[in-house]
Structures are given as structure tokens and as C-alpha cells.
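Q: Hi! Could you walk me through this model while I have it open?
A: Happy to, just ask as we go.

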2 protein chains.
Amino acid sequence: MGYDRFVAESGRVNDVLNAVNLLTWDARTQMPAGGTASRGQQIATLTSLARGIVTGPAMRDALAAAWDEVAAEPEDSRRRRAVAAMQEGLAALDRIPEPLLHEAALLKTEAQAAWVAARARSDFPAFRPYLERSFALQRRVADALGWAEHPYDALVAQYEPGMTLGRLHPLFAALRSRLVPLIARAQARPAPRRDFLERDYPVDRQKAFARTLTELVGFDYGRGRLDEAVHPFEISFTRGDVRITSRYRPNFLPAGLFAALHEAGHGLYEQGIDPELGRSVLATDIVNLYAVGGASFGLHESQSRLLENRVGRSRRFWELHFPLLRDAFPQQLADVSAEEFWRAVNLVRPGLIRVEADELTYDLHIMLRVELEAAVIAGDLTVADLPAAWAGRMRDDLGLEVPDDARGVLQDIHWSTGYVGSFPTYTLGNVMASQLFAVAERDPAVAGGLETGDYAPLRNWLNQAVHRHGRSRLPDEILRAATGGGLDPAPYLAYLEAKHGG
Amino acid sequence: MGYDRFVAESGRVNDVLNAVNLLTWDARTQMPAGGTASRGQQIATLTSLARGIVTGPAMRDALAAAWDEVAAEPEDSRRRRAVAAMQEGLAALDRIPEPLLHEAALLKTEAQAAWVAARARSDFPAFRPYLERSFALQRRVADALGWAEHPYDALVAQYEPGMTLGRLHPLFAALRSRLVPLIARAQARPAPRRDFLERDYPVDRQKAFARTLTELVGFDYGRGRLDEAVHPFEISFTRGDVRITSRYRPNFLPAGLFAALHEAGHGLYEQGIDPELGRSVLATDIVNLYAVGGASFGLHESQSRLLENRVGRSRRFWELHFPLLRDAFPQQLADVSAEEFWRAVNLVRPGLIRVEADELTYDLHIMLRVELEAAVIAGDLTVADLPAAWAGRMRDDLGLEVPDDARGVLQDIHWSTGYVGSFPTYTLGNVMASQLFAVAERDPAVAGGLETGDYAPLRNWLNQAVHRHGRSRLPDEILRAATGGGLDPAPYLAYLEAKHGG
């Protein structure tokens, strides 16, 4: 009885947060400009209603009764996991006072608008007061949530349960020590030809090819859509309705294509979650009040990076599928071979912009951000000193001078929206993607499929190892069960070495 | 203070119901098939949350305090109207017990599925038990809401405040006595040529033309969209985000074109409502728990019928704009004149299907339904006898034999979804459209605009008379203020006589 009531209340939370997801998706893909003013309010109202259900007396009562029913079940029973997930989420929400959440929501809107304006004029001083308030507020969130070693730990754990700065430091050190010489060697090699990437690629045909490619890797359009968005993203409303987006540049082919593959990786995760978890707390991130089926931000990113890079930037992938691409763009690619295309989309060259970074330099962009944001949260670095610290790290890490703040400290949206602590999950995703891929490709069916262009065996392997579990297991548990060990950069570094070591 | 709290609570209701509208719009225009199962649950949860806010202690308390603040204001002050609207809505919700609502929601899903299946096989007996339950349940709703003269009055008033069967009967009698001879005369005339309407009209170009046409009449795409849907509809999420739909048949040109104009009429109404009413109870139908800005179903329909028929089926409209249509379809319309097109889309011929009916026969379809549904609700007719009664009325009114129930009693979705009492609003819309149009076209600016193809003066007139008021006035008040009188079929009959009296 108590468990049933708990399930019913959890279902209501999931319904409301899936409606929020639809409001968000629509705002980014369909909504006319006139809808902007009201949409934020609608999302705020629904999010607050979801919080109200989680923290309300009916949930607390159901939760207590449900715990009595499931406490004797094995530690990994889904029923027990569900109750525990809600208890933990509720405890986190209880630790953050409502006024602090309200302040964060208001600041998010203000700071994001200030960031857009400041970035357009490359005017850090205009954004600085908002960023100071944003970091100060996130520090209060960290203190409210509670932490032992470092205040940053409380923030990063919102996105990656169990992750701490103490665990990130050695991981980052191991990556850095190998990436820096690899980058130097890659840079010393002459660049392959890239001229053909910037020809005239009609967006309609890019869209059609993105659809072909995402179908090829198994994204199910009976349970999903692909639309256009300024900043590509994936979002789901149930296991049966998972939507991905891409954005297309008329004179740069790879952008839309790899964004579509990346988001399809997220999409396969959401489509692959056991349907019985649908509408449950195990398809709901209670701490962030966000309906999502994947176990963590990092594990989610592992699925997108795996598809984008381990599959989509592999030589074999383009040996197999470049003819399809040339069918879509016969004039533009008439003088290009599969090998040339593959080399062009794998060029390593340090750049200023994270979202345009290649496989080798990407994680250095992440480490820079993580170390700076952790220092600000701890009070070891002031916001005023951020631009100089940023420029120094870019010089040291990538040998680049930052010409202006728009191409430096102002380039990412994350800090303005309060997403402090989420950057590590990008690198964690890269690392976990290669750990999982290394095991998967030892499976003969998976390896055979990659060789012939049949991605069903890989998808099935990922489904068994990762997707189906949804949030019923912690990311560490999923990783250990799949690979036999914990977080380990070795497979990722081995892959990068083999591909880019030259 | 009380009023402010009332405004805040009302805003929350409006936000939730606008999210429901988005869930609905998405389900009908964008959602992949896999989303169906969860979407109904999401809508049910949000609707129930909206009801919970309206009937909750915070609202009751705020409402009582707000009434004390506004009671001394003039009877037509917007603040006072807002409080009164919520009081009335709450009273109606309080009269319908939650279990009855819940039963209605469950039956709606079941009965709609049964209707779809039964219509496909033209199998009335399969649908009969659902229809019996549906009518029995609506009778309980009527009794719960309360009525004086006839139980049907309680149902129709949900859609048209102040309307009763007693007011409808003389209106219908007046219409019928003139329509029947008009139809006979129109039928006696030879049909104009219609062959060209059924040529090959590529859907993409139909869509582009529908956009052109709706822009021409002033639908604002900065605050709206036009999409495709199986059953065209209009829906809004705020004054700044109003969405219309149409459906296009590749071999029948008028369907998509007039549906787009019809929905644009609804859209202009929603876009034209005073923005200060946005997010208020005066943009929310509390009784039906539906976010809508227009004053009633009937007045809404008056705006769509006015644009579709009084403007869009006028001779002058096609004299002016047929060249645009021929530009869109040069081959298909090479041998057609504006006059021929206008005649073709105004042909009067009795038919079995309401949604395909011409201007003269349409209201007879409505009266048939209203009289039958009122008789069933009163217990004067059994559901078992409906098909025969339907066939008898079709024979008497339109001289047609009903060959099967799919083209008879099973053709409309309304009864399966519990919309008993909404049919009258179609005819009320026709009548009010002509009352308003008769006054509007006496304005020289409006008349001049209709002559030259500038619809801004008409739009402005409608905005002043109707749109801007939203739900801050009753439909009767709006009609009286605009026309100097109450509901009156004379202008409508005069128009039909002049156009079709021949």
C-alpha cells in the first residue's frame, strides 16, 4: 500500500517534469519569439509544483510506509532502489532552502541574459557582478548540500553521484601527462586537406543525411524525432518519445553531422532504458528536478561520445559510409576520398573554443574550467581574476593567446545558468566511453558489426551493459559490472595514442 | 494582499493549463507514435494539479480576501470580474465530485478508442454501450451542475455561458424556416464546374499558400505558428504564442485552404486579447480547466466563421486574391477564372457529413445533433434509437438516406469525448459572425479594406469589439455592446439569402 502510493506520487512528479521537458524542447525548437516571456514562468511553476509533490506530506508519508515494505529486500532490488533514490533526492531538496532555490531561479534568468549581452560585446566587466553572485550562490548551495573535503564536491555530485575533486585530480593528471605530448606530435604533422568541408552544403540535404545516419546507428524514429536547435541537445518525455536535435552550418559539413551522431548516442540511451522504469523515480533526477532516464551526466556523455567519436570518427565508419555521404553531396565531394574525409574530421589543432575542439585538446578545455571553477568556489580565486587565469592556462596548456573574453572566459553558458560542477562530466564521459568500448569490441558480434556497418550488436551490448538499467544502478556500479573495474583513463589514452600517436 | 495572492494562484493555474495545451498541441502535430501511451497520463496529472490549485485552501483563502477588496468596485471592473470568474469556476468544480470527474476522464479514453474502432467498421452496436455510459455520465454532470428548465441547459452553459435549450429552440426554428426553402432553390440550380478543385495540388505548395493567406489576413507569425494536423485546431499558450493547424488533401484544394482561414480566425482572436489578461483567470476557462482567452466557444467560432465564410468565401476576396492562388498553382488553375473558383467553393449541395457541409446545410447538421443529444440527456430518446432518429432527420431535413452509421451517427468525435452540449456553439458562431460583420462593414474603413484587400481595418474593428476583452466580458455583453442587440439570426439569414437566394 505504502509502496503503491509512493509509486503514484513518483509518477506525478515524473509527469510534471516531463511536461517541463516538453516546454523546454518546444522553446528551443518550435516556439515563436512571442512565447519567450511566458515560457520561463510556465517552467518555473511546473518545476515548483514537482518540488511541492516531492516535499509534500503525501510523499513523505508514502515514502515512510514504502520503506517499511522494501527495507528487507536485497540492496539492489529496484523497489528498494526507487525508495532510496526518492529519500536521497528529498533529503537534498530539504537541505536547500526554498528561498535559495528561488534566488537561484531568478538569478539564472538575469545572469543568462547578462551573459548573452556581455559575450556579444566581449565585455567581461559587464558580466562580472552576475558571475560573482552566481558563484557566491553556488557556494551557498554547496554549503547547504554539505561537503567534507572540498565545497566543489557537493556541486559535482549533483551531476555525477560519488564524484569528488579528490578523485578528479589524479584522473586529470594522468590525462594531461599523456595528452600534452600527443598534441605536440599531432601539431608537428602537416594538416590534411580540409577545403572540401567548407563548400556549399544545403541545409535540407544535411538534415536528410543526419536522419539517414542516425537511423543507421539505430535511433528509432517511431519513438523519437530529430529537429534543429541553436545548441544541439537530447531530451526525452518517456522511453517512447526521445527527441534529438542538431544544428547545420551551410558552409561547414561536419558540425551538423557529428552533432546529430552525438545526440543520437544520448537518444539511444534514453530509448534503451527498461520501459518498466518509465514514469518512476528511476527515470527522474530528483536533485536537479529533471526527467531523465540515464544514470548520471557523465554516463550519458559516455554514450554520446562513444557514438560520435569511437564509432563516428573511426576510419572504418567512413570507409563504409562515405559513399552514402557522397550520394547526398555528389558535386561537393566529387574529388574527395573516404580516407581524406576521415582525416579531415580528425585533424588535431589547438583552438580557443571548447565546442569546436578536437579529441586530443577537448579535455584540456574541460580541465581548465574545472580547476578554475573549483578555485572560485573554494575562495582561492576571485571572479575578477578569472580572465587572466583563463588566459594563462590557455597559454600554458595549448600555447594560445586569448584575444578577447568572448573567445575566453565568456564562451560557455554554464556558469551563467548555475551549472557549476557539471564540466567534469564531459571528460568523465570520454573516459567511460573508451572503457566501455574496449570491452564491447572484444565481443565478436560487436566487432563484426563495426566491420560491416551493422550497429545492432554494439547497441545491444550497450543496452545490456548500460542503457536498460536507467537510474536503477549508480554509474560506478554500471561501469564495474561492465568493465570489471572502476574509472580508468588507460583505455581512453590507449585509443588516443593509437589514433593520434602517429 | 488577498487580490495579489489570488492573482498569483490564478497565474499558476494558467501556467499549468497552458502546459496542458502544449502537451495537446504536441500530441497532435509533433509527437512520435511511441509517445501516445504516456501523454494521456501527463495531461491527466497536470489537469488534476490545476484543479487542485483552484480548489485548494490557498485559492479559497485568497479568493475570500480578494472579494473583500474588489466587492466595492464597479460590476464591470476587470479585477472584480476576475474574482467572480474564479468564484463561479470554483463553485462549478465543487459541484462535480472528484470521482465523477475521474470516471469521466477514464470513460473518455475508453469511449474514444471504441468510437474510432466502431466508426472504422461502421458498427454502431459496438459503440452503443460506451455511448450509453457517456450520456448517462453527462446526465449526472448536468444534475451535479444543476439546472432549472432542462438538464441540457447545464451542459450547454459549460461552453456558452447563459445559453439554454429554451433560447436555442426559437433561434433554430427561425433558421430552419428560411434555410429549407433556400436549400431547395440552390439545389435546383445547375452546379458550377468543380473539376479543377480535384487536380493534383502538391501539399508543400498548399502549405506555403496557407501561410501566405493567413499572413494576408493578419495572423502574426512572430506570435504564432501554422502546422499540420489530422483534425485542424487552434490552441494558445499565451497572447504571444498562438498556434493554428490545417490539413491538406493532395487532390482537393479547398480543404486545407479554408481550414487554415478558419483557424486563423480563432488565432486572431487569441492574438488580439489584451496582454494584461494573460496568465490570469480571464485567460482561463476554469469550468472546463482549459487555458483559452476567448469569451465562449460560440464567440470563438464566430471569429473563425467570419474569416472563413464572410471574408474567405466572398466574391471580392477571390477577385482580389485568385491571382496569388494561380501563381502558386499555375498549371492546375490555368483554365480557371476567379469567378469560377468562387462559385466552386460556394456550391450548395446537401451531404451526409457535417464537416464537409456548405454554408446553407451546415446548421441543419447542427440542429439535428443538438435536438438528438438534448432528447437523450432528458431521457426522451434512447441511445439504441439514435441511428434511426438520425436517419429520419437526415431524410426530413436534407432528403438524404444514411447508407451506414459511419456516415451517420458515428461521424463525430464529440459524444465519445463527453462534449455533449457543445454542438450549439457552431451555429451560434455563424449567427454572431454575421451580426458582427453587418455592423463592421458599415464602418467605411472596414468596407474600404474589404474592397482593396487590406484586412487591418476589419481586424482592428474586431479587436476593439471582441478580441481585446478576452473573458473579461460575457459573450452576450460583447455582442450587445458591438451590435446594440442580443442574439439575432436576421443578419445571418439576410446574408445567406443575398448570396444563395439566387
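Q: Which residues does Asn346(A) touch, not counting residues up to four places away in sequence?
A: Asn346(A) touches Arg313(A), Glu359(A), Lys499(A) and His500(A) on that count, where contact means heavy atoms within 4.5 Å. Keep in mind that this is a predicted model, in which local features need pLDDT of at least 70, side-chain atom pairs count only at pLDDT 80 or more, and totals for chains, interfaces and linings use all residues. Residues are numbered from 1 along each chain as its sequence is written, chains are lettered from A and ligands numbered from 1 in the order in which they are written, and side-chain values use heavy atoms, with hydrogens and water left out.

Q: Where is Asn346(A) found in chain A?
A: Asn346(A) is in the loop between helix H13 (338-344) and helix H14 (359-378) of chain A. Helices (H or I, at least four residues) and strands (E, at least two) are DSSP runs, numbered from the N terminus.

Q: Does that Asn346(A) count as buried or exposed?
A: Asn346(A) counts as buried, at 10% relative accessibility. Buried means under 20% relative accessible area, exposed over 50%, and partly exposed in between (1.4 Å probe, protein chains only).

Q: And what does the side chain of Asn346(A) reach?
A: It reaches the backbone oxygen of Arg313(A), at 3.1 Å.

Q: Switching to Leu216(A): which helix is its place in?
A: Leu216(A) is in helix H9 (residues 203-216) of chain A. Leu216(A) counts as partly exposed, at 27% relative accessibility.

Q: What does Leu216(A) touch, leaving out residues up to four places away in sequence?
A: Leu216(A) touches Phe317(A), His321(A) and Tyr455(A). The C-alpha atoms of Leu216(A) and Ala456(A) are separated by 9.3 Å, though the two are 240 residues apart along the chain.

Q: Now the two chains. What rotation superposes chain B on chain A?
A: A rotation of 180 degrees, with 0.0 Å of shift along its axis, does it (RMSD 0.0 Å). That is the relation of a two-fold axis. In chain B, the C-alpha nearest the axis belongs to Ala19(B), 3.4 Å from it. Copies are superposed by least squares on the C-alpha atoms of residues with pLDDT of at least 70 in both.

Q: How many residues of chain B are in contact with chain A?
A: 34 residues of chain B are in contact with 35 residues of chain A. Of the interface residues of chain B, 100% are also interface residues in chain A, so the copies meet through the same surface.

Q: How many salt bridges are there between chain B and chain A?
A: There are four salt bridges between chain B and chain A, each being a side-chain nitrogen of Lys or Arg within 4 Å of a carboxyl oxygen of Asp or Glu. One of them joins Arg39(B) and Asp241(A), with the closest N and O atoms 3.6 Å apart.

Q: Which element of chain B gives the most to the side that touches chain A?
A: H1(B) does, with nine residues.

Q: Last topic: what is the phi of Arg279(B)?
A: Arg279(B) has a positive phi of about 60 degrees, although it is not a glycine. Most residues other than glycine have a negative phi. Arg279(B) lies in the loop between helix H10 (253-272) and helix H11 (297-311) of chain B, and is partly exposed at 29% relative accessible area.

Definitions and conventions:
A polar contact is a pair of N or O atoms within 3.5 Å; within protein, one must be able to donate a hydrogen and the other to accept it, and residues adjacent in sequence count only if both atoms are side-chain atoms.
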